[in-house]
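Here is a note for a colleague meeting this structure for the first time. Please read it with the model open beside you.

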Amino acid sequence: MGKILEVSNVSTAYGNVQVLWSISFSVNEGSAAAIIGSNGAGKTTTLRAIIGLLPILSGRIVYLGRDLTNLSIKHRVELGITLVPEGRALFPYMTVLENLKMGAYTKRGREKADETIKRVFELFPILKERKGQLAQTLSGGEQQMLAIARGLMSSPKLLLIDEMSQGLAPKLVHRLFEALTEITHSGVTILLVEQNVHYALRYADEAYVLENGRIVMEGKSDELASNPRIKEAYLGL
Amino acid sequence: MNTLRILTRLFTIVIVAALSISPFLMESRVVHLIFLCFIYIILAQSMNIASIAGAVNLGVHGMFGLGAYIFALALPYNIPFPISLLLSGFGSVVFLLPFLLLLKLRGAYLAIATLTLPLLISSVILLMPEQTGGARGLFVPSVPEPHLTSYYVALVAVLILQLALDRLFRSKYKYALDAIFDDVEVASSLGIPVFKYRCLFFSISVFFASFAGGILTLTLRYIDVATVFNTDDLGIATAAMIFGGVRTVWGPLIGAVLFTVVVEQLRASFMYIHTAILGLLMILLVLFMRGGLLNTISVLRSKIKHMKVKT
Amino acid sequence: MSSVESFISPIIVGLMTGGIYGLASLGLNMMFGTLRIINIAHGAIMMLALYFNYWLYTLYDVDPLIGAFIVSLIFFPLGIVLYQTLISPFRKLRPVDQELFPVVTTLGLSLVAESLALTFWTADPRMVSVPYLQTGVKVAFLYISAGRLIVFAVAITGYLLIYLFLKYTYTGLAIRAFIQNPTATALMGVDVKKPPLIASGIGVMITAFGAALLTPLISIDPRVGGQFLLLTFVVVTLGGLGSVLGAAVGGLLIGVLESFTVHYYQAMAFPALMVVIFLMILAIRPTGLFGRFKA
């Protein structure tokens with residue numbers, strides 16, 4: 001399997017404040033990768049740069065051999081990259097079903113919309129139960145499921161997930177990660193950003209540690225999990 | 001003090017002196033035009049004053065009308081006209097006190113709310129025909145030397161406004177006001193009493209707009225709702241303020257003079273086109289010359305400075 | 001008429017006119033929801049739509065109801081042009097300016113529109129009287145003019161069409177999504193320049209449609225623009241921003257209120273009453289009855 005994503009020497013800033021300092025990493029097609037690090041390290045910024053919400057100052061982001069620089073968000077979604085943003089960003093006054101429909105807005109998504117909905121309801125049966133309910137009436141965990149499901153509706157090849165476990169009970173987090181594993185098995189590459197290092201390393205094949213906008217460590221997740229620095233800094237051991 | 005400041009001061013004194021004696025030197029048509037310029041300067045500056053504190057006052061023509069009516073209604077009670085004039089200013093402020101609550105609204109909503117005030121005021125006047133003459137209008141008792149008096153009162157008002165604005169812009173309060181204008185939340189977190197400032201400046205704005213209405217009524221024998229509650233006045237004041245530069249000391253003055261002259265010429269030739277041209281100018285100004293004349297000039301000046309530094 | 005009838009009649013009349021007010025306010029609502037700006041030219045647009053329909057009738061003998069459709073088709077591209085020239089240039093500015101500049105440009109536009117109307121059509125009020133619409137129709141114990149009934153029915157149909165559009169088409173869905181969360185909408189692969197643009201076109205279109213429907217019912221003069229502006233703003237604020245149902249309910253309420261004011265007091269008091277209501281809503285409950293966005 002080749003590389004689905006190659007980030008090379010990417011730097012980016014918010015106004016005058018530089019956040020990412022020439023970071024480089026890559027993700028293999030069909031794998032599960034994680035970016036971990038403490039608050040403010042630049043993890044969310046990285047995902048936003050990949051989807052195009054944030055322009056980059058220098059460097060390149062290459063997706064399946066295509067340079068993404070100058071491509072609009074719309075274009076990137078059409079190519080198969082989708083972001084499930086931090087805080088879910090659902091459409092509160094739309095029903096579950098309508099949120100899912102919006103997810104399939106692109107041509108790519110609409111073609112397979114009926115199929116994808118079926119798969120999504122198999123993955124998250126509770127969503128099928130609540131399909132006529134307004135998104136804002138769902139519980140936190142259900143909302144996160146909806147956010148991920150909506151992301152899947154665009155038939156992505158690369159799914160970016162930002163801080164999925166935030167504010168959720170451990171049982172739910174466990175359940176969500178199980179769902180992620182199923183999604184990866186179906187062929188979708190997942191790159192996630194996670195504060196919960198324990199689950200991130202258990203789920204992902206490989207991980208990158210981001211600190212102050214730089215990648216300080218990378219490797220297979222089982223190696224990282226047994227690394228003493230990681231254990232001390234992030235796993236509280 | 002550098003030469004530029006001295007020259008500017010001399011220039012201003014000369015102009016003021018010239019203006020003071022012009023009623024005796026120039027023909028009455030010209031004097032009347034200058035007088036109208038004064039009135040619109042006051043109107044434009046009263047909008048400016050409100051904007052300084054981040055409040056928008058799109059109801060100046062309503063306050064103008066209210067001032068006119070208060071003045072006209074106060075005169076018959078043998079209240080000497082200087083008092084009546086002041087009353088027209090303060091009276092408006094008092095009547096409009098409850099509306100100060102609106103200043104809590106966000107920019108665009110405040111704009112719409114102030115826009116509706118003239119309609120409310122004029123409607124109330126129309127609905128009280130016994131007290132205000134209603135649709136038939138009101139006759140204004142005569143005052144000795146109306147044109148001379150109004151001219152000088154207006155001149156003094158303009159001088160006071162300009163001086164006050166100049167002092168204000170050089171004072172420490174300017175920083176607080178800029179902060180309010182830029183970002184209300186940041187300003188209040190810094191401990192600046194945003195609402196109080198807005199109330200104060202808005203009240204001053206109301207005062208001067210109504211005062212102008214009173215001054216104009218001095219020169220008239222008869223007023224009615226249609227003549228003193230005119231959206232044209234709003235258009236001229238807004239265009240003048242934007243053209244000259246919002247939140248500058250001299251911008252609205254320059255704009256007011258320019259637009260008064262232009263509109264008076266147009267009014268003579270075409271019936272309603274002047275309003276259309278005003279509207280068009282407002283659109284073009286905001287699209288292309290956003291800061292107004294003075295701000296655009298200062299932006300250009302700093303750009304030229306930068307260029308000089310580079311070479 | 002017995003006292004019951006004289007009480008019910010203004011209600012019915014008010015409801016019918018209110019239905020149309022709701023439609024015109026829906027346009028304002030849509031524009032505000034997507035653009036987050038206040039369109040002061042809204043009343044002027046309604047006034048121009050009325051005059052246009054009047055022209056179609058007097059010059060070309062076009063039935064005002066058919067004319068309303070023609071007018072709305074013409075105003076759709078006008079709405080898009082309005083957005084492009086007077087509103088979108090300010091999208092990239094800081095919030096303070098972004099809110100205020102469109103107020104100035106739309107104010108300018110309303111001045112231009114009003115003076116053009118005065119020049120072309122003079123201040124004399126115009127009336128369109130279409131014979132078949134004047135005939136009375138007996139409904140229960142009341143006589144209602146056919147004109148009012150038909151116009152009301154057409155307005156309801158318009159409402160339904162817009163509702164269906166927003167609920168079941170992808171474009172409508174995208175507009176609703178944009179109103180609720182523009183960033184998330186971008187993430188769905190929507191070209192985010194499109195929803196506000198289309199919403200402006202549709203907004204102006206249904207506004208013009210609503211106004212044109214009023215042609216056989218009211219007397220037309222250029223000052224009507226200012227009154228419509230106030231009216232639609234009160235309806236939108238009362239019903240709540242961003243709410244389709246709110247615009248409908250608000251419209252009906254205001255329609256009835258107007259009817260009562262004219263019937264029991266005098267027409268001239270209505271604008272003053274509306275300003276008072278408007279200011280009270282802004283002061284007490286800026287979100288309105290069903291609204292989701294605060295003032």
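1. Start with one term. Two residues are in contact if their C-beta atoms, placed from the backbone, lie within 7 Å. The model is predicted: local features need pLDDT of at least 70, side-chain atom pairs count only at pLDDT 80 or more, and totals for chains, interfaces and linings use all residues. Residues are numbered from 1 along each chain as its sequence is written, while chains are lettered from A and ligands numbered from 1 in the order in which they are written.

2. Look at the chain pairs. There are 2 pairs of chains in contact, and chains B and C share the most contacts. Chain A and chain B do not touch. Their nearest C-alpha atoms are 17 Å apart.

3. Turn to chains A and C. Here 19 residues of chain A are in contact with 15 residues of chain C. On the chain C side, helix H7 (170-180) and helix H8 (182-187) each supply at least two residues. Helices (H or I, at least four residues) and strands (E, at least two) are DSSP runs, numbered from the N terminus. H7(C) gives the most to this side, with 6 residues. By class, the chain C side has 9 nonpolar, 4 polar and 2 charged residues. Ala, Val, Leu, Ile, Met, Phe, Trp, Tyr, Cys and Pro count as nonpolar, Asp, Glu, Lys and Arg as charged, and the others, Gly among them, as polar.

4. Now take chain A by itself. Its domain assignment gives domain 1 (1-80 + 157-237) and domain 2 (87-156); such bounds come from an automatic or database domain assignment. The domain centres, taken over C-alpha atoms, are separated by 22 Å. Domain 1 puts 15 residues into the contact and domain 2 puts in 12 residues.

5. Which elements of chain A each supply at least two residues of the domain 1 side? They are helix H2 (73-79), strand S7 (158-162) and helix H8 (170-185). H8(A) has the largest share, 4 residues. The classes on this side are 10 nonpolar, 2 polar and 3 charged.

6. Finally, check one helix pair in chain A. H3 (residues 96-103) and H7 (residues 140-152) pack at an angle of about 35°, with their axes 7 Å apart. Axes are lines fitted to C-alpha atoms, for helices over the stretch in contact, and angles run from 0 to 180 degrees between N-to-C directions. Residues that meet include A:Leu100 and A:Met102 in H3(A), and A:Leu146 and A:Ala149 in H7(A). This contact divides into 5 nonpolar, 3 polar and 1 charged residues.
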